[in-house]
Number of protein chains: 2
Amino acid sequence: MEVSIGIDIGGTNSPYGIVTEKGEVLAKGSVKTRDYNNPEEFARALSQSIKESLSELGEELQILGIGIGAPNGNHYQGTIEFAPNLPWKGVVNLIALFQQHFTLPIYVTNDANAATIGEYVFGKAKGLKDFMVVTLGTGVGSGFVSNGELIYGHDSFAGELGHTIIVHDGRDCACGRKGCLETYASVTGLLRTAQIMLAKSSQHSILRNTSMDQLSGKDIGDAAAQGDKLALDILDYTAKRLAFSLSNAVAITSPEAIFLFGGMARAGDLLLGPTKKYFEEYLLHLYKNKVRIEISALTEQNAAVLGASALVWNEKKAQHAQ
Amino acid sequence: MEVSIGIDIGGTNSPYGIVTEKGEVLAKGSVKTRDYNNPEEFARALSQSIKESLSELGEELQILGIGIGAPNGNHYQGTIEFAPNLPWKGVVNLIALFQQHFTLPIYVTNDANAATIGEYVFGKAKGLKDFMVVTLGTGVGSGFVSNGELIYGHDSFAGELGHTIIVHDGRDCACGRKGCLETYASVTGLLRTAQIMLAKSSQHSILRNTSMDQLSGKDIGDAAAQGDKLALDILDYTAKRLAFSLSNAVAITSPEAIFLFGGMARAGDLLLGPTKKYFEEYLLHLYKNKVRIEISALTEQNAAVLGASALVWNEKKAQHAQ
């Protein structure tokens with residue numbers, strides 16, 4: 001049976017999975033990223049663990065390749081470049097490191113692009129040629145597929161929708177600029193909005209029972225689900241900012257569908273409803289009532305590993321198409 | 001010799017050219033669009049004129065195809081859809097009309113995409129895989145090439161950078177919305193900026209010698225070239241708005257270069273200088289000092305016909321690559 005190996009390098013853990021073409025995870029494992037001060041040792045330990053998983057499976061497996069999703073992953077170079085949340089400094093050549101342990105094609109990309117390819121190969125974007133995925137977690141990431149291919153750009157760093165500026169002189173962003181989408185539409189941005197709206201308004205809200213330090217995105221979603229007016233207003237404001245950014249992005253790539261993924265997407269229809277409403281209001285007439293917005297089909301639990309493994313399946317598909 | 005036919009359907013005139021692979025125009029002609037109340041007659045007259053040009057050339061020509069650039073041209077359907085500046089209403093099937101006169105492959109696209117493919121085949125974008133073209137004329141159009149292919153989007157209407165909203169509640173746009181890039185960075189937008197700044201400021205300017213009705217983009221460029229402070233401020237403001245929009249677009253497709261074309265681009269370094277300065281200021285650190293902005297290599301005079309003919313050469317190239 002043909003399988004691919006998906007690895008999701010994260011700041012704390014780096015899970016992996018042995019994945020079939022249908023997205024079934026035959027085996028999985030994980031190493032603790034923080035335990036390894038140098039990336040050679042990390043790659044050795046991870047490769048060792050993968051080899052053990054493969055031998056435990058015991059089946060006749062034809063391994064097509066390894067896909068790696070990593071923060072700041074550079075697809076063209078096969079490197080991680082200056083990832084702030086990883087224990088290794090500077091540029092890490094992932095392909096070179098893993099080639100010491102596997103004689104297989106190795107593909108690298110960043111987290112949001114992996115989620116996008118995952119949606120393409122295993123999720124709701126199957127068969128679409130033009131779509132985008134927006135990941136709404138601690139930060140905001142995105143991936144754009146046009147003409148059936150992921151847009152990497154000339155340097156592999158395309159798809160930073162989270163760092164398009166949507167408000168002139170808006171909120172301070174971790175990137176050093178102001179008003180990026182990420183400061184409004186990430187879970188962190190949602191909490192900033194909550195803080196501001198709780199301070200500005202004097203209306204009753206169950207959110208006031210929780211200290212700001214303790215308040216989570218889930219609390220806001222739960223309160224909104226119970227009809228808490230202020231929580232609904234917070235989601236509405238967030239949806240409006242997100243919708244604005246999506247409507248501008250549509251004018252560039254004109255996708256057939258937009259898939260939302262990550263922590264914020266858990267709010268489901270409470271976020272999707274107002275997002276769709278504002279989105280249609282903002283859109284240029286050419287695009288109105290044409291572009292679907294949906295919650296991703298992938299679960300947060302295994303999307304990263306599936307997405308990384310999907311890099312391999314996607315390459316296989318591209319080679320068949322030639 | 002292999003040639004392609006490029007047709008540029010415009011509101012007043014529809015010029016065409018017989019173009020070689022190197023961009024040499026062997027023969028050209030034109031029909032008056034407004035003379036034809038129905039598109040069948042228009043296509044017949046234009047085809048007749050093209051056939052005469054071909055027979056006058058008298059050489060052994062192998063005609064590879066016809067490329068047509070038209071307002072609201074739909075690449076997938078081969079149609080013009082509800083173009084406000086043309087004498088024909090509704091949807092016009094260009095491919096069907098011209099196939100009555102030529103047994104050749106026929107490709108249709110809109111003006112800005114034709115300019116983009118023209119830059120790709122004949123201009124400064126030769127050999128690039130990721131770039132964008134922005135046309136700064138009466139309106140603002142754009143074309144994006146990623147992975148070596150023009151982004152048409154699922155409906156052929158991608159690349160409307162002019163209708164991304166860059167100022168919340170900004171200037172009224174002809175599209176019915178507010179704050180679109182087009183209301184600031186088109187020649188019309190430049191004149192609106194001039195009107196506002198002339199009214200707001202009391203400083204001396206040679207622009208005050210011309211009535212607002214008479215003032216042209218060229219007047220502002222000329223005044224700026226002579227060091228007129230207010231004219232320079234007008235260009236600076238325009239450049240800042242344009243740069244903002246370009247920096248956001250870069251975060252989506254990460255192009256290697258951006259080419260500016262059209263009336264505004266005639267201001268040359270007077271526009272390019274401040275645009276580059278603000279662009280670098282606005283860019284996310286990832287993209288700084290990596291993306292060239294240049295004036296297009298194509299002249300306004302023949303870019304539309306060359307761009308239309310380039311559709312054919314580009315298809316030839318794509319077929320060879322497969």
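Reader: In which sense does α5(A) pass α7(A), and what makes the crossing count as such?

Author: In this predicted model, α5(A) passes α7(A) in a right-handed crossing, a crossing being right-handed if the near helix is turned clockwise from the far one by less than a right angle, and left-handed if anticlockwise. The helices are DSSP runs (H or I, at least four residues) numbered from the N terminus, here residues 187–200 for α5 and 229–253 for α7 of chain A.

Reader: Why is α5(A) called oblique to α7(A)?

Author: Their angle is about 130°, with the axes 10 Å apart, where axes are lines fitted to C-alpha atoms over the stretch in contact and angles run from 0 to 180 degrees between N-to-C directions. Angles under 35 degrees count as roughly parallel, over 145 as roughly antiparallel, 65 to 115 as roughly perpendicular and the rest as oblique, so α5(A) is oblique to α7(A).

Reader: Which residues of α5(A) make the contact with α7(A)?

Author: With contact meaning heavy atoms within 4.5 Å, α5(A) contributes A:L190, A:T193, A:A194, A:M197 and A:L198, and among their partners in α7(A) are A:D233 and A:Y237. The contact has eight nonpolar, two polar and one charged residues (Ala, Val, Leu, Ile, Met, Phe, Trp, Tyr, Cys and Pro count as nonpolar, Asp, Glu, Lys and Arg as charged, the others, Gly among them, as polar).

Reader: What makes α7(A) roughly perpendicular to α7(B)?

Author: Their axes come within 11 Å and cross at roughly 75°, which makes α7(A) roughly perpendicular to α7(B). A:A249, A:I252 and A:T253 there meet B:A249, B:I252 and B:T253.

Reader: How do you know that the structure has a cavity of 30 Å³ or more?

Author: A search of the whole structure finds one, on a 1 Å grid over the protein atoms alone, where a cavity is a set of points that a 1.4 Å probe fits but cannot get out of, and lining residues have an atom within 4 Å of a point. The volume of the largest cavity is about 190 Å³, a volume being the space filled by probe spheres set on the points, which are joined across faces, edges and corners. Of its 21 lining residues, A:I165, A:N248, B:T164, B:I165 and B:N248 are closest to the centre, and the lining has 13 nonpolar, eight polar and no charged residues.

Reader: What conventions apply?

Author: Residues are numbered from 1 along each chain as its sequence is written, with chains lettered from A and ligands numbered from 1 in the order written. Local features need pLDDT of at least 70 and side-chain atom pairs count only at pLDDT 80 or more, while totals for chains, interfaces and linings use all residues, and side-chain values use heavy atoms, leaving out hydrogens and water.

How values were computed
Helices (H or I, at least four residues) and strands (E, at least two) are DSSP runs, numbered from the N terminus. On a 1 Å grid over the protein atoms alone, a cavity is a set of points where a 1.4 Å probe fits but cannot get out, and a pocket is an open set with protein on both sides within 12 Å along at least five of seven lines; lining residues have an atom within 4 Å of a point.
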